[in-house]
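The following note sets out several points for a reader who is new to protein structures. Please keep the sequence and the structure in view while reading.

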Amino acid sequence: MKKKALIFGITGQDGSYLAELLLKKKYIVHGVKRRSSSINTGRIDHIYQDPHIKKRTFLLHYGDITDSLSVTRLIKQIKPNEIYNLAAQSHVQVSFESPEYTANADAIGALRILEAIRFNNLEKKTKFYQAGTSELYGLNEKIPQRESTNFHPASPYGVAKLYAHWITINYREAYKIFASNGILFNHESPRRGETFVTQKIVQALCRIKLRKQKTLYIGNLYAKRDWGHAKDFVKAMWLILQHKKPDDFVISTGRQTTVKNFINLVSKELKITIKWKGKGLKEKAIDENGNIIVSCDKSYYRPLEVNNLLGDSKKARKILGWKPEFGLKKLISDMIKSEMQRISS
Ligand code: NAP
Ligand code: G4F
């Protein structure tokens with residue numbers, strides 16, 4: 001019998017890569033998409049169009065993580081072996097603007113799924129994966145951050161994910177559900193949303209290279225992130241649910257880069273020569289002809305910044321045998337290649 005997986009957040013970056021991975025592993029994949037006024041299936045349309053994927057192995061359903069009835073009904077109908085909760089309002093800055101919605105989707109969303117597993121008597125059948133985040137560490141700058149590091153979230157997003165983290169552990173301990181958290185550090189790809197900093201930098205610098213844009217406007221240049229490739233990270237999600245017991249794992253590359261250095265690396269790859277001048281909000285990158293290529297804009301600064309994220313994924317490497325295959329250079333060249341193709345088509 002084929003295993004059935006249910007992915008909340010299938011239309012997102014990670015949902016799309018995870019669906020591909022599970023289909024390769026011969027799962028029947030069910031995905032939940034939200035109704036939206038414009039098409040939101042751009043990242044998964046190619047799966048539908050793939051003639052090698054049989055129709056009844058990839059199924060989409062309308063639903064919403066803020067709607068208990070749809071969550072409960074879908075879990076009752078499908079009775080999945082594995083549920084991956086990737087659905088979230090996932091933008092940290094936006095969470096300051098929409099804190100209540102973020103709490104509803106990102107915190108209570110996890111509770112709705114766990115409660116639906118219990119309500120439908122699926123505690124022994126259905127395993128649950130919660131998409132946790134390095135944003136849980138927030139203002140705790142003691143690096144590297146590992147499973148035992150104290151949490152100190154620094155945004156409504158981080159606080160909502162903290163609830164989701166603990167409710168997952170609570171349902172594991174109280175009801176013996178196989179419920180696990182992945183504490184994933186930043187991961188990117190050509191499918192990354194356009195408003196996250198790596199994709200924003202890649203898209204702007206590609207357009208600048210092709211003379212379609214003049215300047216990239218950016219926020220804090222000095223935040224440090226541990227950036228990996230989403231393709232590597234969805235493998236970890238699957239491994240976490242294949243482990244013999246439910247547990248929580250940090251997933252990270254163990255390498256740290258500043259936003260400024262990410263800009264330098266992308267510029268180098270695109271052969272755009274830049275020199276940095278000035279300080280604070282006046283800091284700018286200028287090209288050989290004196291054009292301003294990068295300029296700081298206060299509106300991209302957050303009310304509170306997470307400055308220093310660097311993960312230690314020793315536990316996952318040892319217990320799950322997980323390790324990342326993509327380095328930062330390969331990630332950047334993949335993102336540039338894909339963006340250049342997108343612009344030219
Ligand atoms: P993403 O691209 O923003 O995808 C989020 C997904 O959630 C989308 O499919 C989105 O649907 C869906 N969604 C949002 N609100 C929903 C709702 N109310 N009901 C149902 N679905 C909803 O995020 P991602 O980068 O793939 O990340 C996946 C998960 O991992 C998220 O929970 C994120 O918080 C977490 N995470 C991400 C990272 C990272 O670096 N990428 C690191 C740690 C944790 P639409 O397409 O309709 O918007
Ligand atoms: O790309 P970002 O928006 O990602 P952030 O805030 O680290 O959150 C992402 O990773 C988390 C895991 O740690 C996930 F949980 C979360 O869902 C999301 O996927 O920003 C990265 C850094 C920040 O320090 C931000 O202040 O880049 C800085 N930054 C500087 N200028 C900018 C910009 N971020 C954005 N989005 N846009 C800017 O113009």
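1. The loop that joins β5 (127-133) to α6 (156-175) contains P144. In this predicted model, the peptide bond leading from I143 to P144 is cis, and its omega is near -5°.

2. The next loop to inspect lies between α6 and β6 (179-184), and K176 is found there. Although K176 is not a glycine, its phi is positive, at about 60°.

3. Which residues come nearest to ligand 1? Ligand 1 has 25 residues around it, and T11, R34, D64, S90 and Y157 are the nearest of these. Backbone atoms also take part in its polar contacts. A backbone N or O atom of D14 is 2.8 Å from an oxygen atom of ligand 1, and a polar backbone atom of G9 lies 3.3 Å from an oxygen atom of the ligand. In the case of I65, a polar backbone atom is 2.9 Å from a nitrogen atom of ligand 1.

4. Ligand 2 is surrounded by 23 residues, of which T133, S134, Y157, R302 and E305 are the closest. An N or O atom in the side chain of E305 lies 2.5 Å from an oxygen atom of ligand 2, and an N or O atom in the side chain of K200 lies 2.7 Å from an oxygen atom of ligand 2. From the backbone, an N or O atom of S90 is 2.7 Å from an oxygen atom of the ligand.

5. Helix α7 (residues 197-209) packs with helix α11 (residues 328-344) at an angle of about 55°, and their axes are 10 Å apart. Because of this angle, α7 is oblique to α11. The contact involves T198, Q199, V202, Q203, C206, R207 and K209 on the α7 side, and M335, I336, E339, M340, R342 and I343 on the α11 side. By type, the contact residues of α7 and α11 comprise 6 nonpolar, 3 polar and 4 charged. The crossing of α7 with α11 is right-handed.

6. How do the contacts of α7 with helix α9 (residues 259-269) divide by residue type? These two helices pack at an angle of about 35°, with axes 10 Å apart, and α7 passes α9 in a right-handed crossing. From α7, the residues V197, T198, I201, V202 and L205 meet V259, F262, I263, V266 and S267 of α9. The residues in this contact of α7 with α9 are 8 nonpolar and 2 polar, with no charged ones.

7. The crossing of α9 and α11 is right-handed. F262, L265, V266 and E269 of α9 make the contact with L328, I332, S333 and I336 of α11. The residues of the contact of α9 with α11 divide into 6 nonpolar, 1 polar and 1 charged.

Definitions and conventions. Residues numbered from 1 in each chain as written. Chains lettered and ligands numbered in written order. Predicted model: local features only at pLDDT ≥ 70, side-chain atom pairs only at ≥ 80, totals over all residues. Heavy atoms only, no water. Axes fitted to C-alpha atoms, helices over the stretch in contact; angles between N-to-C directions. Helix = DSSP H or I, 4+ residues; strand = E, 2+ residues; numbered from the N terminus. Parallel < 35°, antiparallel > 145°, perpendicular 65-115°, else oblique. Left-handed = near helix turned anticlockwise from the far one by under 90°. Contact = heavy atoms within 4.5 Å. Nonpolar A, V, L, I, M, F, W, Y, C, P; charged D, E, K, R; others polar. Near = heavy atom within 4 Å. Polar contact = N/O pair within 3.5 Å; in protein donor to acceptor, adjacent residues only side chain to side chain.
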